[in-house]
Amino acid sequence: MSVPPAVSMFIAAFILLNAIVGVVTYITLLERKFAARMQSRIGPYYVGWPHGWLQPIADAVKLMIKEDIVPAPADRAVYNLAPLVFLVPCMLVFATIPFAPGLGVADLNIGVLFFLAVSALEIVGLFMGGWGSNNKYALLSAMRAVNQIISYDLPFIFAALVPVLLTGSMQMSAIVGAQHGLAGWFVLYPVIGQLAFVAYLIAALAAENRVPFDILEAESELIAGFRVEYSGMKFALIQLGEYAHMLGTSFLGALLFLGGWLGPGPAWLGPIWFLLKAVFVFLILTWVRWSFVRIRVDQILAISWKLLLPATVVLLLATGFVVAAGGGRGL
Amino acid sequence: MNPADAVSGIREKFGVEPVVDGATVTVALPVDQWREAGAWAKSTLGCRYFNWLSAVDWKAEGLEVVCRVENLESGLVLFLRTRLGAGATRCPSLVPVYRGADWMERECYDMFGVVFDDHPDLRRILLPQDWEGYPLRKDYAIDTPHAPYR
Amino acid sequence: MDPEARKVVEIGYGGNERLIMNMGPQHPSAHGVFRALLVLEGETVVAVDAVIGYLHRCHEKLGETLTYVQYPSIASKTDYVAAMTSELAYVSAVEKVGKFEVPKRAQYLRVLVAELQRVASHCLWLGTWCLDMGGALGGGATVFLYCMREREAILDLFEALTGARLLYGFHQIGGTRYDLPAGWAEKARRTVDVIEQRIGEYEAMLEDNAFFLIRTQGVGVVSRELAEDVGLSGPLIRGSGVEYDVRRAEPYSSYGDFDFKVPVETAGDCYARYRVRMQEFRESIKIVRQALDGLPEGAISSRPGVKSVGQVRVPKGEGYARVEGARGEVGCYVISDGGPKPYRMKWRGASFSNLAILPHIIPGHKVADVVAIMGSVDPVFGEVDR
């Protein structure tokens, strides 16, 4: 009995969506535990034995039953829509990620392009939230968000294009396929690979609004930025979207630079390898987050336009030369 | 600038007799020489460091404004004081001379009701703007009822 | 912004699309209850009005209504982060007016706790300042928690000494109230050893971090002339190149016996103030060691205990005594009319004078710098508002 493609894709998407929500919920616990260890604390401990493993569930339940407050002067339609507009692109990025050969919703031949394009859409939700709240802090934060995301998407894209250029394809499974072999991972590619990976991580930090680039959240200046007025489920959606986006970026990083699902052992270990690599990338980002201080908005823009963008352009050109010298194929 | 020089300078310039205690020179001045004395202390004695300014309520004798400026290089401390006279509340402001006098004089106005002429922004600083009375005056009892929040 | 409270320090700007933003009185980086009315042009602050007084308790009136025995433990509530030095300022002033003797051992104990308090206070400053710049969900929180760990160790020492962790009541007219318990000196030595080593770790963590440097260097520059004119004291004036430390200028409580340096930086920016405080950590630890080594034997108070609070009387006179608190010159001006209470008590709080610098230096900076500058000033609002 064969299932029509539309139905099978729907089922796949349903499973994926729920899996993502589950992983995202627990990745918050991972981050909290990791940060706690960095800061010589224990972290969540009491909700669920051992070591507070029920904490994310408790948080989710708490946020769901909290009162939903809409400020009186808010622009209600924009305010209410913003969390959804923010969440959808963050979830959509997972559509093109294959978690093993053939295991994914849609392995598009422009997978990387789709990912980059959709992930940049989250800014619309951010700005709607900041504008719709009718709050000065939120407005400033929305202004900062637009500034920052426009400046950091370019280096982010350029860094992500280096593996694409080396592979000669935008299809994610093809990029993984090109990384076979002992030293096949693009992060091990001489010089270019390491530089591109570092540039990718920096740009990813900025694109995900993490410290040191979290100027739009900036709780010491703008309280909580664009989400200062959100509460309850809407706040939970924003939080979910943020972490989903972060996880998506980590998956992309693992896929582009760390060989995706490739790893020793039988083929069914593939998705687990992939998840472990994504968590590794996530932990690098977390590590940076919990050890740096935030920088100022003008400095963020300066770093992007004066340093990171020229550097990634040069890197991309260099990759192009390498590929051309190698006869059209990097490998 | 040591205290002895300061004493002779003050005697010559203002015609008052200062009291010396170690490096501290205390000068009691008439109120109309107040700002002149501040400017002179800053320019001639090198007392550029504005430490603090406050007032004392001597009940029937009226208010006295006191101010402490220092020369940090030589350690000279000049303690200026002036009696405003019974019932009087006006005093020249030192803000044109020392920028640090801004908040100190506002506090002094807030607590004693001393009105500093030429202060650029004389309003209450610690108490609410609509507070009634001047708490550090001796006739302000500590249990004075005050208006509830408005 | 009510029209009466509106006062802006304008800087040259030709535009007219301004945003008035209220930072505080309840704001994560207000360090207490402080309200800054910022007039913004985009992200740039063009004017600021500081509103203080939310924590005002009229300590000066309280001082006139409480006796010399009662007030020292209330004095600790002005600068509650460095309560030891607040108390010391009051009792020093009263001792000066009343010409009370203080035994040598009490003087050394006062130095000991004052310097430990300075280390604890600077720990809190470093943590909260980094929290301002790095965020509660970022590297700042990491530094904050490390610093709180160190401060905790000192508060444990104070708890063993006085039974209290924040407001001590350690000083009294004529000496100190408590003597060191057995084994305390050893514990204190071990604690400062650990802290000294950790200070080095924080310096490595912060000063090797380019982001920290660009956030602090050249931000909030206070010129030497402005610093003296406004009456800054403590690490702020020393960060602007003025070598002014009350411990040196007018040694009190046997500070002349100790060998220590007064760190001075000339840049006048946030980083210079940071450097001054980081060096003060080490100097304070040095003084703590010297005080523990050279602690003389003898009585801790020149005055027998009192049976009622009005028994300490001070002869007619007046005097001003000052001490170097963690934030600068903490002074107390006492006029006595011969009774058991002062006729007039003026409190010179270091934070009040230091905070007055904000309207002079903030305009022209970005919003993010406002919190960095405010944190580098290190105000404690108990002392600003008194």
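Student: In which strand of chain C is Arg344(C) found?

Tutor: Arg344(C) sits in strand β8, residues 342–348 of chain C. Strands are DSSP runs of E with at least two residues and helices are runs of H or I with at least four, both numbered from the N terminus. Before we go on, this is a predicted model, in which local features need pLDDT of at least 70, side-chain atom pairs count only at pLDDT 80 or more, and totals for chains, interfaces and linings use all residues. Side-chain values use heavy atoms, leaving out hydrogens and water; residues are numbered from 1 along each chain as its sequence is written, and chains are lettered from A and ligands numbered from 1 in the order in which they are written.

Student: Is Arg344(C) buried or exposed?

Tutor: Relative accessible area sets the class: buried is under 20%, exposed is over 50%, and partly exposed is in between, using a 1.4 Å probe and protein chains only. Arg344(C) is buried, with a value of 2%.

Student: Which polar partners does the side chain of Arg344(C) have?

Tutor: A polar contact is a pair of N or O atoms within 3.5 Å; within protein, one must be able to donate a hydrogen and the other to accept it, and residues adjacent in sequence count only if both atoms are side-chain atoms. In chain B, the backbone oxygen of Ala55(B) is 2.7 Å from a polar atom of the Arg344(C) side chain. In chain C, the side chain of Glu60(C) makes a polar contact with that of Arg344(C) at 3.2 Å.

Student: What else is Arg344(C) in contact with?

Tutor: Contact means heavy atoms within 4.5 Å. Leaving aside neighbours within four places in sequence, the partners of Arg344(C) include Ser54(B), Val56(B), Phe112(B) and Leu136(B) from chain B, and Glu64(C), Tyr333(C), Val334(C) and Ile335(C) from chain C. Chains A and B do not touch, and their nearest C-alpha atoms are 24 Å apart.

Student: How should I read backbone angles?

Tutor: Most residues other than glycine have a negative phi, and most peptide bonds are trans. Here, the bond from Trp49(A) to Pro50(A) is cis, with omega near -5°. Pro50(A) is in the loop between α1 (5–38) and α2 (55–65) of chain A.

Student: Where are Asn134(A) and Ser254(C), and what is the phi of each?

Tutor: Asn134(A) has phi near 55°; it lies in the loop between α5 (122–132) and α6 (136–167) of chain A and is partly exposed at 47%. Ser254(C) has phi of about 65°; it lies in the loop between α10 (246–249) and α11 (270–293) of chain C and is buried at 11%.

Student: Which residues of helix α4 in chain A are buried?

Tutor: In α4 (residues 111–119), they are Gly111(A), Val112(A), Phe115(A), Leu116(A), Val118(A) and Ser119(A). Their cover includes α3 (76–92), α5, α6, α7 (172–177) and α10 (232–257) of chain A.

Student: What do the totals say about chains B and C?

Tutor: Chain B has 3 helices and 7 strands, in the order α-β-β-α-β-β-β-β-α-β. The globule rule, 2.2 Å times the number of residues to the power 0.38, is compared with a radius of gyration taken over C-alpha atoms. Chain B has 16 Å, close to the 15 Å that the rule gives for 150 residues, so chain B is as compact as a globular protein of that length. Of those residues, 55% are buried.

Chain C has 15 helices and 8 strands. Its radius of gyration is 21 Å, in agreement with the value near 21 Å for a compact globule of 386 residues. In chain C, 66% of the residues are buried. Among its contacts between residues at least 6 apart in sequence, 71% join residues at least 24 apart; in chain B that share is 50%.
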